[in-house]
Amino acid sequence: MITKEKKSVLEVYAFGHHIPMSPDKARRIIDQIRGRSYEETLMILELMSYRACYQIFKLVYSAASNASYNMSSKETNLIISKAEVNASTSTKKLKPRARGRSYPVKKSTCHISIVMKDISFDDEYREVDSLKSVKKVRWKKKHTTIGYHNMYSSEEIWDKK
């Protein structure tokens, strides 16, 4: 009998199904956090002022707790390796209008999946100096401020001679 060796699980998942928001609104948040560390992601999500941030925050927190329970890994070693948003079914309702008519309203929903990876098991990821990872500023200071003299100072009063 041939038995397969069981690989150690390096990734953990968290899924959110039928979240009542537009997939495009959730994607602009997901694009900001993809590839970042767990702690950095929590700071970003707390400081951004979008409605989708709270739902994504709950999913990231759930994935981290899954990692600590299932793999017994520390939260400082986690990064978001994969995060995606897919469109789901839309809720259809009727809104009453004038003269006994109705107007259809479609509320879109989405599925969000977040995959976190523990980098302590992986040799691919190494600790990078935080100063080297900061991008250089591309723009240069083109305009300089010009100091204007006080026109009412006693030094610059013109004499009419």
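Tutor: The account below begins with the chain as a whole, turns to the core, and ends with some side chains of interest.

Please bear in mind that this is a predicted model. The protein chain contains 4 helices and 3 strands, and along the sequence these elements follow the pattern β-α-α-α-β-β-α. Of the 161 residues in the chain, 26% are buried. The accessible surface of the chain comes to about 13,900 Å², and carbon and sulfur atoms account for 52% of that surface. Among contacts between residues at least 6 apart in sequence, 69% join residues at least 24 apart.

We may now turn to the core itself. The largest nonpolar core has 29 residues. Those with the most contacts inside this core are Ile33, Ile56, Val60, Ile112, Ile114 and Met116. Two or more residues each come from strand E1 (11–19), helix H1 (23–33), helix H2 (38–47), helix H3 (52–70), strand E2 (78–96) and strand E3 (102–118). Helix H3 gives the most, contributing 8 residues to the core.

Leaving aside residues up to four places away in sequence, Ile114 touches Val12, Tyr13, Ala14, Ile56, Leu59, Val60, Ile80, Lys82 and Ala83.

A search of the whole structure finds 1 aromatic pair. The rings of Tyr13 and Phe15 have centres 6.0 Å apart and planes at 10°, so this pair is stacked. The planes must be under 30 degrees apart for a pair to count as stacked. Tyr13 has a relative accessibility of 44% and therefore counts as partly exposed. A further ring belongs to Tyr103: the charged end of Arg97 sits over this ring, 5.8 Å from its centre.

Finally, let us consider the cysteines. Cys53 is buried, because its relative accessible area is 2%, and Cys110 counts as buried because its relative accessibility is 0%. Buried here means under 20% relative accessible area. The structure holds 0 disulfides.

Definitions and conventions:
Residues are numbered from 1 along each chain as its sequence is written. This is a predicted model: local features need pLDDT of at least 70, side-chain atom pairs count only at pLDDT 80 or more; totals for chains, interfaces and linings use all residues. Side-chain values use heavy atoms; hydrogens and water are left out. Rings of Phe, Tyr and Trp (its six-membered ring) pair if their centres lie within 6.5 Å; planes under 30 degrees apart count as stacked, over 60 as edge-to-face and the rest as tilted. Buried means under 20% relative accessible area, exposed over 50%, partly exposed in between (1.4 Å probe, protein chains only). A charge sits over a ring if NZ of Lys or CZ of Arg is within 6 Å of the ring centre and within 35 degrees of the ring normal. A disulfide is a pair of cysteine sulfur atoms within 2.5 Å. Contact means heavy atoms within 4.5 Å. Accessible areas come from the Shrake-Rupley method with a 1.4 Å probe; for residues, only the protein chains shown count as cover. A nonpolar core is a set of buried Ala, Val, Leu, Ile, Met, Phe, Trp, Tyr and Cys residues joined through side-chain atoms within 4.5 Å.
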